[in-house]
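Subject: Handing over a structure

Hello,

Here is the structure I promised to pass on to you. Have a look at it first, and then read on for what turned up.

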Amino acid sequence: MTAVDLGAFWAALDAVPVEDGAEALYDTASAEGRLRRANLRHYLETVGQDADTLLVAEAPGWRGMTNTGVPFTSMRELGADYAVPPEPTAPWEASSRVVHAALADWHGPLPVAWAIVPHHPFVAPDRLTNRTPRPSEVRAGAPVALALLEAVGASRVVAVGRKAQGALASAGIDAIAVRHPAQGGATQFTEQLRALSR
């Protein structure tokens, strides 16, 4: 087990511009950003030490990652060793529940999850919405995924959904695609992820 050097990852993350209609989740200028950043740091230092797979989604959702700072983790899945936000926007997220349930049967080191777009894209002015990231946001977020891939030393990248796969491909990252668990895809996602377990 080796420590994960996240220096280049944090530098890449902090360099991503925040476009209109997007929220920077890990901005240290706010208490919420510092909480999410601390949770993400704990997650990456814990899970990333042994991970050989990077599980990449498209963007954070307002019900999960925007509260906890941990990809595919809503308040319901947040462990006791993480900081709890004082006013979460939602108690749960369906995709987070499905991902955590599917990973419960994972053999070997757990994958590290991430989103190709690190900021939360929303339909302005309503922060409690999600929107498809713009191509410019995907391009800006790609170096962060690359830095994370290098930091954890993962040998395999799995894209959660075709949009994430396309975003990764545009960044030059070859990824295996699995069905996104939302909108009726939970069973297929679980089966495909289980087939990738080692």
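Is valine 117 buried or exposed? Valine 117 counts as buried because its relative accessibility is 2%; buried means under 20% relative accessible area, exposed over 50% and partly exposed in between, with a 1.4 Å probe and protein chains only.

A word on the basis before I go further. This is a predicted model, in which local features need pLDDT of at least 70 and side-chain atom pairs count only at pLDDT 80 or more, while totals for chains, interfaces and linings use all residues. Residues are numbered from 1 along each chain as its sequence is written, and side-chain values use heavy atoms, with hydrogens and water left out.

Back to valine 117, which sits in the loop between strand 3 and strand 4 (120-121). Helices (H or I, at least four residues) and strands (E, at least two) are DSSP runs, numbered from the N terminus. Leaving aside residues up to four places away in sequence, valine 117 touches Glu58, Ala59, Pro60, Pro133, Glu137 and Val138, where contact means heavy atoms within 4.5 Å. Proline 143 is 26 residues from valine 117 along the chain, and their C-alpha atoms are separated by 9.9 Å.

You will find an open sheet of four strands in the order 3-2-5-6, with parallel pairing; two strands pair if DSSP finds at least two bridges between them. At its edges are strand 3 (112-115) and strand 6 (176-178), each of which pairs on one side only. On average, neighbouring strands of this sheet are turned by 30° against each other, direction ignored. For that angle, axes are lines fitted to C-alpha atoms, for helices over the stretch in contact, and angles run from 0 to 180 degrees between N-to-C directions.

Going through the pairs, strand 2 (residues 53-57) runs parallel to strand 3 over four bridges, and alanine 57 has alanine 115 as its bridge partner in strand 3. Four bridges also join strand 2 to strand 5 in parallel, with threonine 53 opposite arginine 156 in strand 5. Strand 5 (residues 156-160) then pairs with strand 6 in the parallel sense over three bridges, and valine 160 has valine 178 as its bridge partner in strand 6.

Strand 3 is covered on both faces: Val112 and Trp114 on one side, and Ala113 and Ala115 on the other, are all buried. In strand 5, Arg156, Val158 and Val160 point one way and Val157 and Ala159 the other, and all are buried.

The core

The largest nonpolar core has 58 residues, and those with the most contacts inside it are Phe9, Tyr43, Val112, Trp114, Ile116 and Leu148. Such a core is a set of buried Ala, Val, Leu, Ile, Met, Phe, Trp, Tyr and Cys residues joined through side-chain atoms within 4.5 Å. Helix 5 (residues 135-152) gives the most to this core, with nine residues. Leucine 148 touches Leu6, Phe9, Leu44, Leu54, Val112 and Trp114, not counting residues up to four places away in sequence.

Cavity and pocket

On a 1 Å grid over the protein atoms alone, a cavity is a set of points where a 1.4 Å probe fits but cannot get out, and a pocket is an open set with protein on both sides within 12 Å along at least five of seven lines; lining residues have an atom within 4 Å of a point. Grid points are joined across faces, edges and corners, and a volume is the space filled by probe spheres set on the points.

The structure holds one cavity of 30 Å³ or more, and the largest cavity has about 50 Å³ of space. Among the residues lining this cavity are Val16, Val117, His119 and Glu137. The largest pocket has a volume of about 840 Å³. Its lining has 33 residues, of which Glu58, Ala59, Ser95, His180 and Ala182 lie nearest its centre. Helix 6 (162-170) is one of the elements that supply at least two lining residues, and helix 6 gives the most, with three.

Two backbone details

Most residues other than glycine have a negative phi, and most peptide bonds are trans. Phenylalanine 72, in the loop between helix 3 and helix 4, has a positive phi near 55°. The peptide bond from alanine 124 to proline 125 is cis, with omega near 5°.

Enjoy exploring it!

Best wishes
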